[in-house]
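Hi there,

Here is the structure I promised to pass on to you. Have a look at it first, and then read on for what turned up when I went through it.

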Amino acid sequence: MFRRATGLLARRLISSSGSRARPYSTDLPAAPTADSTFVEAWKKVIPNIEPPKTPLSFMKPRPATPPSIPSKLTVNFVLPYASELSTKEVDMVIIPAATGQMGVLPGHVATIAELKPGVLSVHEGNEVKKYFISSGFAFIHANSYADIIAIEAVPVDQIDPGLVQKGLAEFTQKLSSASTDLEKAEAQIGVEVHSALNSALTG
Amino acid sequence: MAMAALRREGRRLAPLSSPQSITAVRSSLISQEQAPLGLRSISTQIVRNRMKSVKNIQKITKAMKMVAASKLRAIQVKAENSRGLWQPFTALLGDTASVDVKKNVIVTVSSDKGLCGGINSTSVKTSKALKKLTAGPDKETKYVVLGEKAKAQLIRDSKKDIELSITELQKNPLNYTQVSVLADDILKNVEYDALRIVFNKFQSVVSFLPTVATVLSPEAVEKEAESGGKLGELDSYEIEGGETKSEVLLNLGEFQFSCVLFNAVMENACSEQGARMSAMDSSSRNAGDMLDRLTLTYNRTRQASITTELIEIISGASALEG
């Protein structure tokens, strides 16, 4: 009887120490899916209501910066009405930044670029897709992820040259006859966009 | 004296006890003035009227449910397409919901029309709780309200805190141009360090999650960048803009606000239609249940009146016989 008791005790001791040595399977890597400081602050002040979610919990976390330059650039090209390209792996993109056309390759330095109306071209292997975009922003992250956000984008082959010429003439005329600053600014924008469209069609 | 009081009490209680012997449903349907006991045909008429009106209500709610379902289908596609819009901003600037700034502006997105379940109340509750959370010494919190329903609820106790209120958002189908003009309006007229947009995110047709998205002003971004965290990496980004860094950050902040607001308004519209669908569905089901109960009552009343008439006739006949 006592032999069995000692056996039981020994088994219990081993199991408890073993469980402490085993790592908890619920340990998560550092990449929280919710802003914990917000949740805690909420719970302290308003304990009855569930804290609202924040955008972080709805987003897939981005990978960290790899130690070596990756071979492909991952592009997210979004518009208010659609995600044109989402996590597409490409070789290079050329974006129409306000300072001129900018080529982005994998391993590009992290940049926030403001875009002007112009042509965005996506190079994947041998194929090149060109879009004419209205202005927007482009974020290039250190982990070779590029986010391009534009308001409107049209594939270049869908643009009608006749309408472009007409629009350009119309806005140039408006610019010369503009009286107030607001009208001048609007006409200026129209002229810029249409000349960019023109060069997109020719270039 | 006591006997007289008891007699008076008895007289008062007597008329009360007899209606309770009849079924409870019938007494709830028929108020004492309309159907004095003994006029049985009128009580079936009343039940029949009630059944007709409940049936009409059921038809209306069923139609509203189908309308909401079709509107939901249309707008769900657009909302899901717009979900990619805010992700680059969160990837760049992180999610700063716990930021501590002096001037908070809570933008509450709600619907204009009612009969959409509890989503507007949840938005208002969340906004009020956020106001409590961000309150403190020399900190101020203001509201910008989009939509009639939240305005009606917030105006009751926070009238002086509402800076701007915008209604009739969905008169024309939602598009980015409209929202960007709205965002421009808000940014021009409201001073803020942090904008918190409260809306209901559309998870599925039956689940809507209250969500708060935070947009910081450029100055707040600079301050947070200095203190580190996700925004601390902002300095490592080169700025290509042809203008000064602060101008680019200003444009970025405005663009972020309009994009996040667009997505918020779309998701809320989706949630509104989904909530209306489930509200109207449960309403039609309730009306159906009510109709069943009324039909049973109607039949019981009808059969009871037929039986009483038969009894009268038969007892009259048997009384005549002998």
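B:Glu272 sits in helix H9 of chain B. Bear in mind as you read that the model is a predicted one. Is B:Glu272 buried or exposed? With a relative accessible area of 4%, B:Glu272 is buried, because anything under 20% counts as such. Setting aside its neighbours within four places in sequence, B:Glu272 is in contact with B:Ser111, B:Lys113, B:Cys116, B:Ile119 and B:Gln170.

Helix H9 of chain B also holds B:Glu267, which forms a salt bridge with B:Arg83; the closest N and O atoms are 2.6 Å apart. B:Arg83 belongs to the loop between helix H3 (40–81) and helix H4 (87–93) of chain B, so this pair ties together parts that are 184 residues apart in sequence.

B:Arg293 has its place in helix H9 of chain B and is exposed, with a relative accessible area of 54%. From B:Arg293 to B:Pro218 the separation is 75 residues in sequence and 63 Å in space, C-alpha to C-alpha. B:Ile314 is in the H9 helix as well, which covers residues 245–321 of chain B, and B:Ile314 is exposed, with a relative accessible area of 53%. What does B:Ile314 form on the surface together with B:Ile306, B:Leu310 and B:Ile313? These residues form a nonpolar patch, with about 390 Å² of accessible area together.

For chain B as a whole, there are 9 helices and 6 strands. Of its 322 residues, 42% are buried. Chain B exposes about 17000 Å², and carbon and sulfur atoms supply 55% of that area. Looking at contacts in chain B between residues at least 6 apart in sequence, 74% join residues at least 24 apart.

Now to where the chains meet. The size of an interface is often given as the accessible area lost when the parts come together. For chain A and chain B, about 3800 Å² is buried between them, with 74% of it on carbon and sulfur atoms. On the chain A side, A:Phe58, A:Tyr81 and A:Ile112 lose the most area to chain B, together 17% of what that side buries. The contact takes in 39 residues from chain A and 45 residues from chain B. How many salt bridges does the rule find across the interface of chain A and chain B? The count there is 0.

One residue to look at here is B:Leu209, in strand S5 (residues 207–216) of chain B. Leaving aside neighbours within four places in sequence, B:Leu209 is in contact with A:Lys53 and A:Phe58 from chain A, and with B:Phe199, B:Asn200, B:Lys201 and B:Gln203 from chain B. B:Leu209 and B:Met266 are 57 residues apart in sequence and 14 Å apart in space, C-alpha to C-alpha.

Over all chains, the salt bridge count comes to 16. One of them joins the side chains of A:Lys72 and A:Asp91 (3.2 Å, N to O). A:Lys72 lies in the loop between helix H2 (36–45) and strand S1 (73–79) of chain A, and A:Asp91 in the loop between strand S2 (82–90) and strand S3 (92–97), so the pair ties together parts that are 19 residues apart in sequence. A:Lys72 is partly exposed, with a relative accessible area of 27%, and A:Asp91 also counts as partly exposed, at 27%.

A:Lys72 meets A:Glu124 in a salt bridge too (3.4 Å, N to O). That pair links distant parts of the chain, 52 residues apart, with A:Glu124 in strand S6 of chain A. A:Glu124 is partly exposed, with a relative accessible area of 22%. Through shared partners, salt bridges join A:Lys72, A:Asp91 and A:Glu124 into one network.

Last, helix H4 of chain A (residues 181–202). H4(A) has 22 residues and reaches 31 Å from its first C-alpha to its last, close to the 32 Å expected. Its buried residues include A:Ala187, A:Gly190, A:Val191 and A:His194. The buried residues of H4(A) pack against strand S6 (118–124), strand S7 (127–133) and helix H3 (161–176) of chain A.

Happy browsing!

Definitions and conventions: Residues are numbered from 1 along each chain as its sequence is written. Chains are lettered from A and ligands numbered from 1 in the order in which they are written. This is a predicted model: local features need pLDDT of at least 70, side-chain atom pairs count only at pLDDT 80 or more; totals for chains, interfaces and linings use all residues. Side-chain values use heavy atoms; hydrogens and water are left out. Patches are made of residues with over 30% relative accessible area and no salt bridge: like charges are joined within 9 Å, nonpolar side chains (Val, Leu, Ile, Met, Phe, Trp, Tyr) within 5 Å. Accessible areas come from the Shrake-Rupley method with a 1.4 Å probe; for residues, only the protein chains shown count as cover. A salt bridge is a side-chain nitrogen of Lys or Arg within 4 Å of a carboxyl oxygen of Asp or Glu. Helices (H or I, at least four residues) and strands (E, at least two) are DSSP runs, numbered from the N terminus. Buried means under 20% relative accessible area, exposed over 50%, partly exposed in between (1.4 Å probe, protein chains only). The expected span of a helix is 1.5 Å times one less than its number of residues. Contact means heavy atoms within 4.5 Å. Buried area is the accessible area (1.4 Å probe) that two parts lose on being put together, summed over both.
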